[in-house]
Amino acid sequence: MANQTQIKKALECLVAGDLIGLPTETVYGLGADARNPAALTQVFLAKGRPFTHPLIVHLASTKQLCEWAREVPEEATLLAKAFWPGPLTLILKKQPWVSELLTGGQDTVGLRIPAHPVAQALLQAFGSGIAAPSANRFTHLSPTTAQAVHDELGSKVACILEGGRCEVGLESTILDLSSSQPTLLRPGLITTPQLEAILKKTIHPRHEQSPRVPGMAPVHYAPETQLFLISSQELHSFLDSLHPQDLPLAFLTRQRPSFEREGVHWILMSEQPQQYAHDLYLTLRSLDQQGFKKIIVEAVPLDPDWDAIHDRLQKAAIKHHPGDPHQP
Ligand code: TXA
Ligand code: MG
């Protein structure tokens, strides 16, 4: 874990307008002073991210909410009490001064109070907002270790704070509270039923008009090796129909397969969604370095606890099966 000296150095980098690698409990962020337009511009350039794609502002405490949001609805206060610090981002109406670079030109701003002790220490010392998208190049997998940040963006960050492996492993839940209906923009560890239990009202799923829905690029949160999703029922027929040109391939399943096949490397993932989420990106990142032709993932249950994993796998996947003549 980063010590006080390293945190102080990161603070100096932020003040100087440089970018830093920052651990949070979800994934590592690419941090910049959220009030410094030049630093924010560097965030987009470093990631290769379109300027229309808004950034999340990280804060140390709920006391800072009103600095950034012009309205803090009752729902936000309830959710903040229940889940902050933690893996939840709220979209609220922005204060007029908040830079359009942060908001993708919209009237709203994404705010989150992270729980990771290194992020907390840095935010408290900084005293203002740190904009931090996930510290990966655009469309890539989010990094869940300091080494992965180095591999993604090494030369573009002034320093990377060590925070160990991210506990959650997937990006925060994003809830839009800027209109009359609370709308889920991105599922995460905190599930819709958990949010509804606090708000005592229905959370609406994303709809086409939702602003800047995360992961809108055709492939997002994706490894470089082509990833295909198949249902548990298709598993056997899929193995029977494999072509030699598909091999070697990696196969992520949640149950030990009943037979082996040469060239197929099995990875047994957890049956617990939280453990599965914790391991997913690191597993995919490591498979990317092993020269597989394809990565096949057994689809996960359609259940609120698996929603975030299901969402990320859908976005990472190529929409055709190997062996399909129409595959890209
Ligand atoms: O867990 C996380 O949220 C991580 C850590 C570092 O905090 N951050 C993260 O940031 O995943 P990023 O930029 O990779 O994803 C944030 C998503 C963006 O895809 C964007 O669409 C959405 O949040 N977002 C941010 N501000 C928004 C706004 N005002 N309206 C709608 N969507 C917004
Ligand atoms: Mg991201």
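1. A polar contact is a pair of N or O atoms within 3.5 Å; within protein, one atom must be able to donate a hydrogen and the other to accept it. The structure discussed in this note is a predicted model. With that term in hand, the side chain of Thr24 can be described: it reaches the backbone oxygen of Val27 at 2.7 Å. The side chain of Thr24 is also joined to that of Arg112 by a polar contact of 2.9 Å.

2. The setting of Thr24 deserves a separate remark. Thr24 belongs to the loop between β1 (20-22) and β2. Its relative accessible area is 2%, and because buried means under 20%, Thr24 is classed as buried. Apart from neighbours within four places in sequence, the residues in contact with Thr24 are Arg112, Pro114, His116 and Cys166.

3. Arg112 leads on to ligand 1. An N or O atom in the side chain of Arg112 is 3.1 Å from an oxygen atom of the ligand. In the side chain of Thr26, an N or O atom is 2.7 Å from an oxygen atom of ligand 1. For Thr108, a polar side-chain atom lies 3.0 Å from a nitrogen atom of the ligand. Ligand 1 taken alone exposes 670 Å², of which the protein buries 98%.

4. Which residues of the surroundings are closest to ligand 1? They are Thr26, Arg49, His58, Ser134 and Ser172, out of 27 residues that surround the ligand. At least two shell residues come from each of β3 (56-58), β5 and β9 (183-186). The largest contribution to the shell is that of β5, with 4 residues.

5. Thr108 is located in strand β5. Is Thr108 buried or exposed? Its relative accessibility is 15%, so Thr108 counts as buried. Setting aside neighbours within four places in sequence, Thr108 is in contact with Ile91, Leu92, Lys93, Lys94, Thr103 and Ser178.

6. The largest nonpolar core has 43 residues, and those touching the most other members are Leu79, Leu90, Leu102, Leu111 and Leu195. Among the elements that give two or more residues to this core are β2 (29-33), α2 (37-47), α4 (74-83), β4 (88-93), β5 (108-112) and α8 (192-199). The most is given by α2, with 5 residues. In soluble globular proteins, nonpolar side chains tend to be buried together.

7. Beyond neighbours within four places in sequence, Leu111 is in contact with residues including Ile56, Val57, Leu59, Leu65, Trp68, Trp84, Leu90 and Leu92. There is also a second, separate core of 27 residues, which includes Tyr221, Met269, Ala277 and Leu287.

8. The last point concerns Thr225, a residue of the loop between α8 and β10 (226-230). Thr225 has a relative accessible area of 10% and is therefore buried. Its side chain makes a polar contact of 2.5 Å with the side chain of Asp288. Not counting residues up to four places away in sequence, Thr225 touches Asp288, Phe292, Lys293, Lys294 and Ile295.

Conventions. Residues are numbered from 1 along each chain as its sequence is written. Chains are lettered from A and ligands numbered from 1 in the order in which they are written. This is a predicted model: local features need pLDDT of at least 70, side-chain atom pairs count only at pLDDT 80 or more; totals for chains, interfaces and linings use all residues. Side-chain values use heavy atoms; hydrogens and water are left out. A nonpolar core is a set of buried Ala, Val, Leu, Ile, Met, Phe, Trp, Tyr and Cys residues joined through side-chain atoms within 4.5 Å. Buried means under 20% relative accessible area, exposed over 50%, partly exposed in between (1.4 Å probe, protein chains only). Contact means heavy atoms within 4.5 Å. A residue is near a molecule or strand if one of its heavy atoms lies within 4 Å of it. Accessible areas come from the Shrake-Rupley method with a 1.4 Å probe; for residues, only the protein chains shown count as cover.
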